[in-house]
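Me: I have a structure open here and would like to talk it through, one topic after another. Could you help me read it?

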Amino acid sequence: MIINVARKELKSMFASPMGWVILALLMFSFGTYYLNGVNDYFAVMSGAMRPAERTGVTQFVGQNVYGFASFMVLFAVPLLSMRLVSEERRSQTLPFLFSAPLSLTEIVLGKFLGLVAFLSILVVYIGAMLSTLNIWADIDFGFIVANSIGLLLMVASFSALGLYFSSITQQPVVAAILTFIALFALMFLDRFFAGDPSNTLASLSLTRHFQSFAGGLIDTADIAYFALFIASFLTLTVRRLDADRLRG
Amino acid sequence: MNDFTVEAIGLTRLYGGREAVSNVSFNLSKGQVLGFLGPNGAGKSTTMKMLTGNLAPSNGSVKICGIDMMENPKEAKALIGYLPEMRPLYKELTVDEYLTIAARLHRVSGAHIKKAVELAKERCGLSHMSKRLIENLSNGYQQRVGIAQAIIHNPMVVILDEPTVGLDPIQIRDIRALIREVGSERSVIISTHILPEVEMVCDHVQIIDKGKLVFNGAIDVLKKQRIGNKLLIAMNKPPKAAELLKIAGVEEAESVSDQLMRVRFADGATPAEAIVQAAVAKGWGLYQIGPDQTSLEDVFVQLTYQEQEAA
């Protein structure tokens, strides 16, 4: 049943030009970064004479692309997640889901998975793009896998938060703005505490938890952070929708 | 064990401190069509939302085929097809896509989805609209898609909130026929404020006003109430009221206009023939006689008005 709701979301996303346009623009910008990364690699490495200054091509290009991608999804996710619930609320289509034999948890999980499935197209695409380096070089697939998992978890966390903000308003635009502000704050929280990195608030920052993945390290503590983040916002969304049923 | 398809027990819904629906109870059996009547804001839609599990009742409970909506919402909802007042259509999808999703979400098994979609389209006269975007359909066709969505999984109970709004007369006739057809084997609840529609389609009527059930019974009871015991007589040269009162069975006579007279007769009496004979014998110039039907509207106004006076 969760899958059926997710399929419905995917269908809606591809039925409007919005989904396609965002996918195309993001792909284009990632492609550009990838190309620049490869070019810069030769320029930088030809200047780096000592072995300690040299980095592998995977890491050099990968960091370039994944760093940019984790920043770009900050803009893309609010635009995609804003419609999930608020649009249904505005056009009064929620009763369609509420009167179907579905629990609220199934509806919320379905919507979440639908959006994550859509965004994972990007993650897969970036992974495939970087893998093409293997034609000329011997690349580090572990690095790409770790980064992909990190990016996917980050995108999923963004989606969960976006879904929640979408459920508290009727206006998709308001949902997008709220999501963007919240995500922006969470991303750059650690910058505010740059002087005191051990501060508890700084460790709430999404960027900090992405860092280990960006370095090619899969850390269970970070996975746990993202999992908890997603679970909390999905639970909040279920609670919010339940309030609709109770309060009317 | 009884075989009620819908049981509403003491449904109450509070909005703030105000009772939008208060203590509404009724049962519905298989093969019945129930009409839900009431002025705007009477609580029809709120009751329907509670029946379909879209709104939690403040008090009372709903059972669909014996399954409690509160305890087993998924099982209960699987037995219901619901068309809310605002059609829940995803306008960016085509009719086929939308109905397929509806079938899938209502647990129609994978192998039967195609057949279910075809059948629903055929029953609602949508077969030639399959590939059209719902957005581009006219109001009436969108309404049909809404109805198709509600009957696609062949539910035990179909609940339609104002199903004929926005349809042209021919479509209304089709939809009424469809409601009757569905109602013959399942249970249907429709809400409307078009009274003749209730008379045409429903077996049972409930009139709700200010959240309270004012009338609950078979349609025949309502019809009887409206035919009553009055005759309306049109004559070119009407006599004095006293002359009519002489005729056996006539209890009251009054002139409505200079050629029209209204006569009330005792229960069980049939004075029409005697009146006609008298008219011929005395040359009153009778040209029309018929029962003076209080329109259903009047009965409706009476029932809802009485309630107001009582309050």
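This is a predicted model: local features need pLDDT of at least 70, side-chain atom pairs count only at pLDDT 80 or more; totals for chains, interfaces and linings use all residues.

Me: ok, and how many residues does the largest nonpolar core have?
Reply: The largest nonpolar core has 134 residues, and A:V155 and A:A160 are the ones with the most contacts inside it.

Me: which helix gives the largest share of this core?
Reply: That is helix α7 of chain A, residues 141-167, from which 14 residues of the core come. Chain B takes part too, since the core draws at least three residues from each of domain 1 and domain 2 of chain B. Another core, of 11 residues, lies apart from it, and B:I233, B:M261, B:A279 and B:W284 are among its members.

Me: switching topic, how many residues of chain B are in contact with chain A?
Reply: There are 24 residues of chain B in contact with 19 residues of chain A. On the chain B side, α2 (73-78), β6 (80-83) and α3 of chain B each supply at least two residues, and α3(B) gives the most, with four. The chain B residues that touch chain A divide into 14 nonpolar, four polar and six charged.

Me: where is confidence lowest and where is it highest in chain B?
Reply: Within chain B, confidence is lowest in helix α11 (residues 296-310), at a mean of 63, and highest in helix α3 (residues 95-105), at 93. The mean pLDDT of chain B is 83, with 91% of its residues reaching 70 or more. For the complex, the predictor gives an ipTM of 0.85 and a pTM of 0.85.

Me: and β14 of chain B, how many of its residues are buried?
Reply: The count is zero among the six residues of strand β14 (residues 286-291) of chain B, so the strand is described as hardly covered, given that a buried residue needs 20 or more other C-beta atoms within 10 Å of its own. Strand β11 (residues 230-235) of chain B pairs with β14(B) in the antiparallel sense over five bridges, and B:A234 stands opposite B:Q288 in β14(B).

Me: last one: why does B:N154 count as partly exposed?
Reply: B:N154 counts as partly exposed because it has 16 C-beta neighbours inside 10 Å. B:N154 is found in the loop between α5 (139-151) and β7 of chain B, and its phi is near 50°, a positive value in a residue other than glycine. Most residues other than glycine have a negative phi.

Methods:
Residues are numbered from 1 along each chain as its sequence is written. Chains are lettered from A and ligands numbered from 1 in the order in which they are written. pLDDT is the predictor's confidence in each residue, from 0 to 100. A residue is buried if 20 or more other C-beta atoms lie within 10 Å of its own, exposed if 12 or fewer, and partly exposed in between; C-beta atoms are placed from the backbone. Two strands pair if DSSP finds at least two bridges between them. Two residues are in contact if their C-beta atoms, placed from the backbone, lie within 7 Å. Ala, Val, Leu, Ile, Met, Phe, Trp, Tyr, Cys and Pro count as nonpolar, Asp, Glu, Lys and Arg as charged, and the others, Gly among them, as polar. A nonpolar core is a set of buried Ala, Val, Leu, Ile, Met, Phe, Trp, Tyr and Cys residues joined through C-beta atoms within 7 Å. Domain bounds come from an automatic or database domain assignment.
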